[in-house]
Amino acid sequence: MQVILRQLGDCNIRRAEPSDLISVMEINLKTLPEHYSDYFYESLLSELPEAFLVAEIGRKHVGYIMCKTEFGFSNFKKLGFVKKGHVVSIAVVEEHRKKGIGNALVEESVNGVKLRKCDEFYLEVRCSNTEAVRLYEKQGFVIRQQLNAYYRDGEDAYLMAIEL
Ligand code: ACO
Ligand code: ZN
(Lines give C-alpha, C1' and ligand atoms only; values in the text may rest on other atoms or scores of the structure.)
(Ligands and ions follow the chains in the order given, each with its own letter.)
Protein backbone atom coordinates (compact mmCIF):
# COMPACT_ATOMS: atom_id res chain seq x y z
CA MET A 1 0.00 0.00 0.00
CA GLN A 2 1.28 3.46 -0.87
CA VAL A 3 1.65 5.73 2.15
CA ILE A 4 1.83 9.42 1.42
CA LEU A 5 4.35 11.06 3.71
CA ARG A 6 3.69 14.65 2.68
CA GLN A 7 1.48 16.65 0.32
CA LEU A 8 2.67 19.92 -1.20
CA GLY A 9 -0.26 21.22 -3.21
CA ASP A 10 -0.75 18.63 -5.94
CA CYS A 11 2.59 16.94 -5.26
CA ASN A 12 2.79 13.83 -3.09
CA ILE A 13 5.95 12.58 -1.42
CA ARG A 14 5.92 8.85 -0.72
CA ARG A 15 8.23 5.88 -0.37
CA ALA A 16 9.40 4.42 -3.67
CA GLU A 17 8.41 0.99 -4.89
CA PRO A 18 10.21 -1.23 -7.42
CA SER A 19 7.84 -0.04 -10.17
CA ASP A 20 9.05 3.56 -9.63
CA LEU A 21 12.68 2.81 -10.40
CA ILE A 22 12.56 3.28 -14.17
CA SER A 23 11.14 6.79 -13.72
CA VAL A 24 13.71 7.56 -11.03
CA MET A 25 16.50 6.49 -13.41
CA GLU A 26 15.03 8.70 -16.13
CA ILE A 27 15.00 11.73 -13.84
CA ASN A 28 18.57 10.97 -12.79
CA LEU A 29 19.70 10.75 -16.44
CA LYS A 30 18.07 14.08 -17.27
CA THR A 31 19.28 16.02 -14.26
CA LEU A 32 22.67 14.78 -13.05
CA PRO A 33 25.97 13.64 -14.55
CA GLU A 34 26.34 10.82 -11.97
CA HIS A 35 24.50 7.67 -13.03
CA TYR A 36 24.20 4.21 -11.52
CA SER A 37 23.40 0.64 -12.52
CA ASP A 38 19.87 -0.80 -12.26
CA TYR A 39 21.17 -3.10 -9.58
CA PHE A 40 22.38 -0.18 -7.48
CA TYR A 41 18.92 1.47 -7.48
CA GLU A 42 17.31 -1.85 -6.56
CA SER A 43 19.73 -2.45 -3.74
CA LEU A 44 19.24 1.03 -2.25
CA LEU A 45 15.48 0.52 -2.35
CA SER A 46 15.65 -2.85 -0.66
CA GLU A 47 18.21 -1.75 1.94
CA LEU A 48 16.75 1.61 2.95
CA PRO A 49 13.16 2.01 1.70
CA GLU A 50 12.50 4.50 4.53
CA ALA A 51 14.71 7.03 2.76
CA PHE A 52 14.16 6.17 -0.91
CA LEU A 53 11.37 8.58 -1.72
CA VAL A 54 9.64 9.85 -4.82
CA ALA A 55 7.70 13.04 -5.53
CA GLU A 56 4.72 12.59 -7.81
CA ILE A 57 2.25 14.99 -9.41
CA GLY A 58 -0.71 12.96 -10.58
CA ARG A 59 0.98 9.97 -12.22
CA LYS A 60 4.12 11.85 -13.18
CA HIS A 61 7.30 11.40 -11.20
CA VAL A 62 8.95 14.76 -10.61
CA GLY A 63 11.68 14.01 -8.10
CA TYR A 64 13.44 11.47 -5.92
CA ILE A 65 15.91 11.06 -3.11
CA MET A 66 17.80 7.87 -2.39
CA CYS A 67 20.08 7.08 0.51
CA LYS A 68 22.06 4.36 2.23
CA THR A 69 23.41 3.71 5.70
CA GLU A 70 27.05 3.15 6.62
CA PHE A 71 29.19 2.71 9.68
CA GLY A 72 32.24 4.92 9.78
CA PHE A 73 34.13 7.72 11.38
CA SER A 74 32.02 10.61 12.59
CA ASN A 75 32.00 13.84 10.62
CA PHE A 76 31.71 15.67 13.96
CA LYS A 77 33.32 13.72 16.80
CA LYS A 78 37.02 13.14 16.82
CA LEU A 79 37.66 9.41 16.48
CA GLY A 80 33.97 8.63 16.98
CA PHE A 81 32.58 5.62 15.11
CA VAL A 82 28.93 6.16 14.17
CA LYS A 83 26.05 5.01 12.02
CA LYS A 84 25.56 7.44 9.17
CA GLY A 85 22.85 8.03 6.64
CA HIS A 86 24.24 9.04 3.26
CA VAL A 87 22.25 10.88 0.59
CA VAL A 88 23.39 9.15 -2.59
CA SER A 89 21.33 11.28 -4.96
CA ILE A 90 18.47 13.77 -5.05
CA ALA A 91 16.88 15.54 -7.99
CA VAL A 92 13.73 17.40 -8.99
CA VAL A 93 12.84 17.85 -12.66
CA GLU A 94 13.51 21.36 -13.88
CA GLU A 95 9.85 22.29 -14.53
CA HIS A 96 8.95 21.67 -10.89
CA ARG A 97 11.88 23.22 -9.05
CA LYS A 98 11.50 26.05 -6.53
CA LYS A 99 8.23 24.73 -5.18
CA GLY A 100 9.65 23.21 -2.02
CA ILE A 101 9.82 19.65 -3.38
CA GLY A 102 13.59 19.29 -2.85
CA ASN A 103 13.23 20.61 0.64
CA ALA A 104 10.43 18.16 1.45
CA LEU A 105 12.41 15.22 0.04
CA VAL A 106 15.37 16.05 2.28
CA GLU A 107 13.20 16.55 5.36
CA GLU A 108 11.34 13.29 4.86
CA SER A 109 14.58 11.38 4.24
CA VAL A 110 15.92 12.75 7.54
CA ASN A 111 12.88 11.15 9.20
CA GLY A 112 13.63 7.95 7.30
CA VAL A 113 17.24 7.65 8.45
CA LYS A 114 16.21 8.55 12.01
CA LEU A 115 13.96 5.48 11.95
CA ARG A 116 17.15 3.50 11.34
CA LYS A 117 18.84 5.12 14.35
CA CYS A 118 21.51 6.94 12.36
CA ASP A 119 23.62 9.37 14.38
CA GLU A 120 24.52 11.58 11.43
CA PHE A 121 23.43 12.23 7.85
CA TYR A 122 25.84 13.35 5.14
CA LEU A 123 26.25 13.91 1.42
CA GLU A 124 28.66 15.19 -1.19
CA VAL A 125 27.72 18.05 -3.48
CA ARG A 126 29.57 19.90 -6.24
CA CYS A 127 31.09 23.10 -4.89
CA SER A 128 29.52 24.98 -7.83
CA ASN A 129 26.00 23.67 -7.05
CA THR A 130 24.94 26.69 -5.02
CA GLU A 131 21.24 25.85 -5.29
CA ALA A 132 21.74 22.49 -3.63
CA VAL A 133 24.30 23.73 -1.08
CA ARG A 134 21.85 26.43 0.04
CA LEU A 135 19.03 23.91 0.35
CA TYR A 136 21.16 21.63 2.53
CA GLU A 137 22.34 24.57 4.67
CA LYS A 138 18.73 25.57 5.29
CA GLN A 139 18.11 22.03 6.49
CA GLY A 140 20.95 22.33 8.99
CA PHE A 141 23.72 20.56 7.06
CA VAL A 142 27.12 22.17 7.42
CA ILE A 143 30.18 21.95 5.20
CA ARG A 144 32.67 19.71 7.02
CA GLN A 145 35.27 19.08 4.29
CA GLN A 146 36.20 19.94 0.74
CA LEU A 147 37.00 16.79 -1.23
CA ASN A 148 39.61 17.49 -3.86
CA ALA A 149 38.72 16.35 -7.44
CA TYR A 150 35.90 14.18 -6.10
CA TYR A 151 34.04 14.10 -9.43
CA ARG A 152 35.20 12.47 -12.67
CA ASP A 153 35.50 15.84 -14.36
CA GLY A 154 37.85 17.01 -11.62
CA GLU A 155 35.47 19.25 -9.69
CA ASP A 156 35.72 19.35 -5.90
CA ALA A 157 32.86 18.32 -3.62
CA TYR A 158 31.77 19.68 -0.30
CA LEU A 159 31.06 17.02 2.25
CA MET A 160 28.07 18.34 4.15
CA ALA A 161 26.72 16.70 7.29
CA ILE A 162 24.19 17.08 10.07
CA GLU A 163 23.96 15.48 13.52
CA LEU A 164 20.59 13.82 14.04
N1 ACO B 1 7.94 29.60 -4.38
C2 ACO B 1 9.13 30.14 -4.70
N3 ACO B 1 10.31 29.65 -4.29
C4 ACO B 1 10.26 28.57 -3.51
C5 ACO B 1 9.06 27.96 -3.11
C6 ACO B 1 7.85 28.52 -3.58
N7 ACO B 1 6.67 28.00 -3.26
N8 ACO B 1 9.35 26.88 -2.34
C9 ACO B 1 10.69 26.83 -2.26
N10 ACO B 1 11.23 27.85 -2.95
C11 ACO B 1 12.65 28.14 -3.10
C12 ACO B 1 13.44 27.81 -1.87
O13 ACO B 1 13.37 28.82 -0.89
C14 ACO B 1 14.79 27.68 -2.47
O15 ACO B 1 15.30 28.95 -2.81
P16 ACO B 1 16.54 29.58 -2.09
O17 ACO B 1 17.60 28.53 -2.12
O18 ACO B 1 16.84 30.77 -2.93
O19 ACO B 1 16.05 29.89 -0.74
C20 ACO B 1 14.56 27.03 -3.79
O21 ACO B 1 13.20 27.26 -4.09
C22 ACO B 1 14.88 25.56 -3.85
O23 ACO B 1 14.17 24.84 -2.82
P24 ACO B 1 13.20 23.68 -3.22
O25 ACO B 1 12.11 24.19 -4.06
O26 ACO B 1 12.83 22.99 -1.96
O27 ACO B 1 14.16 22.73 -4.04
P28 ACO B 1 13.91 22.17 -5.52
O29 ACO B 1 12.67 21.35 -5.54
O30 ACO B 1 14.04 23.24 -6.50
O31 ACO B 1 15.12 21.12 -5.64
C32 ACO B 1 17.39 20.54 -6.16
C33 ACO B 1 16.47 21.48 -5.36
C34 ACO B 1 17.05 19.10 -5.82
C35 ACO B 1 18.83 20.82 -5.75
C36 ACO B 1 17.16 20.82 -7.67
O37 ACO B 1 17.64 22.10 -7.96
C38 ACO B 1 17.79 19.81 -8.61
O39 ACO B 1 17.24 18.75 -8.87
N40 ACO B 1 18.98 20.14 -9.16
C41 ACO B 1 19.65 19.27 -10.14
C42 ACO B 1 20.14 18.00 -9.50
C43 ACO B 1 21.06 18.29 -8.34
O44 ACO B 1 21.91 19.17 -8.40
N45 ACO B 1 20.92 17.50 -7.23
C46 ACO B 1 21.78 17.62 -6.05
C47 ACO B 1 23.09 16.96 -6.29
S48 ACO B 1 23.98 16.62 -4.78
C49 ACO B 1 23.35 15.09 -4.26
O50 ACO B 1 22.61 14.47 -4.96
C51 ACO B 1 23.74 14.57 -2.90
ZN1 ZN C 1 27.95 10.19 -1.69
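1. A contact here means heavy atoms within 4.5 Å. On that basis, residues 24 or more positions apart account for 60% of the contacts in the chain that have a separation of 6 or more.

2. Before going further, please note that this is a predicted model, in which local features need pLDDT of at least 70 and side-chain atom pairs count only at pLDDT 80 or more, whereas totals for chains, interfaces and linings use all residues. Residues are numbered from 1 along each chain as its sequence is written, chains are lettered from A and ligands numbered from 1 in the order in which they are written, and side-chain values use heavy atoms, with hydrogens and water left out.

3. The secondary structure comes to four helices and eight strands, where helices (H or I, at least four residues) and strands (E, at least two) are DSSP runs numbered from the N terminus. Along the sequence they follow the pattern β-β-α-α-β-β-β-α-β-α-β-β.

4. As for overall dimensions, the C-alpha trace spans about 45 × 35 × 30 Å along its principal axes. The radius of gyration (taken over C-alpha atoms) is 15 Å, which agrees with the value near 15 Å for a compact globule of 164 residues, the globule rule being 2.2 Å times the number of residues to the power 0.38.

5. Buried residues make up 49% of the 164 in the chain; buried means under 20% relative accessible area, exposed over 50%, and partly exposed in between (1.4 Å probe, protein chains only).

6. A search of the whole structure finds twelve salt bridges, each defined as a side-chain nitrogen of Lys or Arg within 4 Å of a carboxyl oxygen of Asp or Glu. One of them joins the side chains of Glu 108 and Arg 6 at 2.9 Å, N to O, and this pair links distant parts of the chain, since Glu 108 lies in helix α3 (residues 101-115) and Arg 6 in strand β1 (residues 4-8), 102 residues apart. Glu 108 is buried, with a relative accessible area of 10%, whereas Arg 6 counts as partly exposed at 23%.

7. Which partner does Arg 14 have in a salt bridge? The partner is Asp 20, with the closest N and O atoms 2.9 Å apart; Arg 14 is buried at 2% relative accessible area, and Asp 20 is buried at 3%. Elsewhere, salt bridges that share partners join Glu 34, Arg 126, Asp 153 and Glu 155 into one network.
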